[in-house]
Amino acid sequence: MKMECMIVHNVMPVYAKGMADKETSELVRSHLTRCTACAAEYESMKAWRRENGVSEQEESFSEQKEHPCMQIGKKLRKKPILITAIIIVLLYFFPVYHLVPAYATSYYEKEDLAKLLFIGSFSDRAAVQPILRQANAAFSDWTHTQAENEERYGLLARYANARDDQVKFVGHSLELWSAHLGETEGSMWVYYSQEALDDDGNIVHGCWKCAALWRLEKNAIGEWEVVEIEDAP
């Protein structure tokens with residue numbers, strides 16, 4: 001059962017009684033228009049209520065036998081869902097699993113690896129977005145000379161392909177793992193894959209599932225720029 005179906009299944013008895021709050025009711029109504037299985041279950045629940053003459057008041061004060069779906073609904077407590085949600089949130093903000101590919105290289109300092117344990121504040125992550133955009137442009141560039149790449153991308157030119165490399169296609173993915181900024185210095189962890197192909201579809205070079213640490217500084221006009229790149233060999 002999908003997570004959304006489980007949530008709707010859990011609150012359906014309350015929704016059927018007309019006791020759900022506005023946000024919950026909107027969630028259920030929206031889900032029922034998209035999920036035929038849950039819609040069928042809800043229609044079955046309503047039919048049972050009509051056949052047994054159950055009104056909201058009667059159900060509140062009587063001890064008559066409940067519809068099986070309602071019994072299941074009561075058994076599905078919010079606690080397991082809440083625990084799952086908490087785990088998901090913790091793993092998002094504190095992705096300890098990111099340590100595995102970086103730590104396995106035995107290349108980075110422990111102090112730098114510790115920065116992988118927290119993705120960074122929203123403001124820090126927002127501040128490095130221009131660098132990510134520049135990096136994405138560099139990763140996919142194979143139309144300029146090496147000198148032009150260095151002028152356009154600075155240190156990020158190492159990820160660009162020079163025009164004389166016989167590269168005709170470049171595919172890549174780039175993910176921000178963490179960003180930690182001070183007043184004038186900072187760093188960001190990224191995770192990327194890149195593959196450059198020639199005219200015949202042969203791989204010229206590439207790097208797959210690579211973690212890298214980029215050290216940053218603010219320049220004279222207050223913009224963050226990459227001043228050092230640590231890519232595990």
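Q: What residue classes make up the lining of the second largest pocket?
A: This is a predicted model. In it, that lining has eight nonpolar, three polar and two charged residues.

Q: How much space lies in the second largest pocket?
A: About 230 Å³.

Q: And which lining residues are the closest to its centre?
A: I131, Q134, W224, E225 and V226. In total, 13 residues line the second largest pocket.

Q: Which elements each supply at least two residues of that lining?
A: Helix α10, residues 129–139, and strand β4 do. Strand β4 covers residues 224–231.

Q: Switching to charges. How many salt bridges does a search of the whole structure find?
A: Seven.

Q: Which residues are linked in a network of salt bridges?
A: D112, K115, R215, E228 and E230 are linked that way.

Q: Let's start with R215 and D112. How far apart are the closest N and O atoms?
A: They are 2.6 Å apart in that salt bridge.

Q: Why does the R215 and D112 pair tie together parts that are apart in sequence?
A: Because R215 lies in strand β3, residues 203–218, while D112 lies in helix α8, residues 110–113. The parts tied together are 103 residues apart in sequence.

Q: What about R215 and E228, how far apart are the closest N and O atoms there?
A: That salt bridge has its closest N and O atoms 3.8 Å apart. The pair links distant parts of the chain, with R215 in strand β3 and E228 in strand β4, 13 residues apart.

Q: Which residue does D112 form a salt bridge with at 3.8 Å?
A: K115. The 3.8 Å is the distance between the closest N and O atoms.

Q: Does D112 count as buried or exposed?
A: D112 counts as buried, at 4% relative accessibility. The cut-off for buried is under 20% relative accessible area.

Q: Last topic, confidence. What is the mean pLDDT of the chain?
A: The mean is 82. Of the residues in the chain, 85% reach 70 or more.

Q: Where is the pLDDT below 50?
A: Over residues 56–66. Beyond near neighbours in sequence, that stretch has 16 contacts in the model.

Notes:
Residues numbered from 1 in each chain as written. Predicted model: local features only at pLDDT ≥ 70, side-chain atom pairs only at ≥ 80, totals over all residues. Heavy atoms only, no water. Salt bridge = Lys/Arg side-chain N within 4 Å of Asp/Glu carboxyl O. Buried < 20%, exposed > 50% of the residue type's maximum accessible area, 1.4 Å probe, protein only. Helix = DSSP H or I, 4+ residues; strand = E, 2+ residues; numbered from the N terminus. pLDDT = per-residue confidence, 0-100. Contact = heavy atoms within 4.5 Å. 1 Å grid on protein atoms, 1.4 Å probe; cavity = no way out; pocket = protein on both sides within 12 Å on 5 of 7 lines; lining within 4 Å. Points joined across faces, edges and corners; volume = space filled by probe spheres on them. Nonpolar A, V, L, I, M, F, W, Y, C, P; charged D, E, K, R; others polar.
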